[in-house]
Amino acid sequence: MTLSERQRASLVRTAIVVALFGLWELLSRTGAVNPRLLPPASDALATLFELLGRPKMRADLMVTASEVAVAFLLAVPVGAAIGLLIAESRYWGEVLRPLVFFLFSIPKSIFLPMFILAFGIGFAQKVGFGFFSTVFIVAMSTAAAVESVKPDHVTVARSFGATRSQIVSRIYLPSMMPVLLEALRIAMIFNFTGVILAEMYASRDGIGHAISTWGENFQMRQLFAGVILVALIAILFNEAVRWAERRCEHWRT
Amino acid sequence: MRTLANVTELRTTPAIRLEGVGQIYGAAGDTVVAVEDVSFDVEPGKFVVLVGPSGCGKSSLLMMMAGLRHPSGGRILVEGKPIDEPDPDRVGVVFQEASLFPWLTAEQNVEFPLSLKRTLPKTERLARARERLDLVGLAGFEARYPHELSGGMKQRVSIARGLAQDPPVLLMDEPFAALDEQTRMTMGDELLRIWAETKKTVVFVTHSLTEAVYLADEVMVMSARPGRIIDRIKVDLPRPRTYEMLGGEIFGRLRDRIWRQIRTAA
Ligand SMILES: Nc1ncnc2c1ncn2[C@@H]1O[C@H](COP(=O)(O)OP(=O)(O)OP(=O)(O)O)[C@@H](O)[C@H]1O
Ligand SMILES: [Mg+2]
């Protein structure tokens with residue numbers, strides 16, 4: 001049986017991941033690295049499963065998930081509205097575009113203390129910071145998505161008597177879809193990062209808070225388990241959207 | 001007597017009538033007169049080709065005939081009635097480049113115009129789309145996406161889409177400009193076949209003088225901006241047109257005349 005290039009690549013890729021985990025296991029088991037600093041991979045994975053069984057951990061996960069969801073659901077429509085305004089109105093485009101770019105370029109973490117001052121420590125502070133981390137990238141990507149709509153396609157639709165709302169739903173939406181999906185995926189990375197960061201900085205609950213506590217208390221097995229968990233969640237979401245993206249890749253012209 | 005007069009009048013209603021049509025772009029102070037005082041009639045079933053130097057207003061004129069732009073002056077009648085907005089039941093448009101929607105299959109692209117109105121049930125719309133694809137020689141390619149089709153095939157789909165609502169008038173803006181010469185020749189023959197089968201009135205814009213003479217009943221030559229019609233040349237070559245005519249004396253004479261007109265106009 002011969003493997004296609006893609007199958008071979010994915011085989012090698014899997015091998016690399018397995019090898020890295022193996023190396024990790026080996027370094028720790030042999031004592032080449034102090035196991036108290038680097039617990040074996042198998043221990044970290046076992047801890048992960050054990051943690052997932054704990055109600056406290058589940059509660060933390062729920063807290064983080066709801067913060068991420070609320071921040072995302074707020075940031076996407078607000079960002080999209082700003083992006084639409086920038087792309088569709090010449091005047092507002094001129095006014096807002098540089099502002100969005102300025103804000104986007106600033107490292108958002110320097111604003112963390114201000115969010116605590118404004119919202120206290122809790123749900124609103126973390127959602128607020130997640131929103132703030134996400135909204136600018138959504139605005140910029142939406143503007144790019146609107147600009148990716150070909151005027152020719154709009155003219156064609158008009159020539160066939162399409163109404164304004166038909167042009168939006170039948171031309172704008174599908175034209176924007178590839179760019180929008182990519183935008184959503186990247187926005188989620190920003191959003192998740194923002195919420196975790198806010199949790200690690202100052203919080204009483206959430207997975208980010210748990211990870212930062214484990215780090216401070218030198219609970220390395222839990223710390224590594226937490227890192228693996230967050231990485232897995234992020235990768236899973238990312239891959240799910242990428243799968244959808246690939247399905248409409250050829251729409252880009 | 002009156003009924004008789006009406007009948008003759010009906011018969012002579014031109015498919016397209018332009019009366020002193022002009023197009024001015026831009027705002028006060030910074031205006032471009034793209035088209036100036038263009039008047040002509042196109043009789044039903046005729047194949048008219050529009051040529052002229054680049055930027056002389058050919059596309060502008062077509063956009064106005066399609067109802068996609070309002071003339072700055074004059075008026076346009078299609079089938080005897082003014083055209084104020086796009087009316088796909090009267091006018092179908094085939095655009096310059098591959099303007100197909102890449103997210104739809106060939107069949108869905110052709111069905112698109114029909115789906116906007118929803119007067120027909122979906123199965124009937126798709127049947128009609130397949131019929132049109134068959135007409136342009138693309139039976140069997142219904143499920144292909146545009147990126148899976150060659151340039152010539154894409155333009156066939158565009159033509160099928162322009163014919164979807166069976167309009168009496170078909171406007172074509174340099175539909176074959178992006179094709180290689182061989183494909184272009186084939187597509188010219190195909191278009192003439194489709195035109196003969198469907199008996200449409202066609203207004204066709206091109207930069208190729210050979211293509212113009214080969215296809216046309218009549219070639220209209222436009223001047224450089226502001227675009228006006230400076231010559232109308234009847235092509236009295238018999239149909240069906242054949243490849244051999246290209247080297248003939250009549251063909252050469254017609255082409256030379258058009259070329260001289262364009263050169264003095266530019
Ligand atoms: N939307 C517009 N706004 C301003 N000027 C325009 C617009 N559309 C066309 N023009 C100008 O009007 C003139 C005629 O343009 P048009 O596209 O009709 O020419 P054309 O004969 O089709 O040219 P080509 O042979 O290059 O396709 C050109 O000078 C062009 O720059
Ligand atoms: Mg043009």
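Strand S1 (residues 16-25) of chain B is joined to S2(B) by 7 bridges, and the two run antiparallel. Helices (H or I, at least four residues) and strands (E, at least two) are DSSP runs, numbered from the N terminus. Two strands pair if DSSP finds at least two bridges between them. Within this pairing, B:Arg17 has B:Asp41 of S2(B) as its bridge partner. Helix H2 (residues 58-65) of chain B packs on the sheet and touches S1, S2 and strand S4 (73-78) of chain B; contact means heavy atoms within 4.5 Å. The direction of H2 makes about 120 degrees with that of S1(B). Axes are lines fitted to C-alpha atoms, for helices over the stretch in contact, and angles run from 0 to 180 degrees between N-to-C directions.

The model is predicted: local features need pLDDT of at least 70, side-chain atom pairs count only at pLDDT 80 or more, and totals for chains, interfaces and linings use all residues. Residues are numbered from 1 along each chain as its sequence is written, chains are lettered from A and ligands numbered from 1 in the order in which they are written, and side-chain values use heavy atoms, with hydrogens and water left out.

The open sheet of chain B has 4 strands in the order S2-S1-S4-S5, with antiparallel pairing. Strand S2 (32-42) and strand S5 (81-82) of chain B stand at the edges; each has a single partner strand, so one side of each is left without a neighbour in the sheet. Mean pLDDT (the predictor's confidence in each residue, from 0 to 100) is 90 for chain B, and 95% of its residues reach 70 or more. For the complex, the predictor gives an ipTM of 0.88 and a pTM of 0.81.

In chain A, an unreviewed UniProt entry places "domain: ABC transmembrane type-1" at residues 61-241. UniProt annotations may be inferred rather than shown by experiment; positions follow the numbering used here, and feature names are shortened. Residues 61-241 of chain A are 86% helix and 0% strand. The unreviewed entry also lists "transmembrane region" spans in chain A, including 99-121 and 218-237. Residues 99-121 of chain A are 65% helix, with end C-alpha atoms 28 Å apart. For residues 218-237 of chain A, the values are 90% helix and 30 Å.
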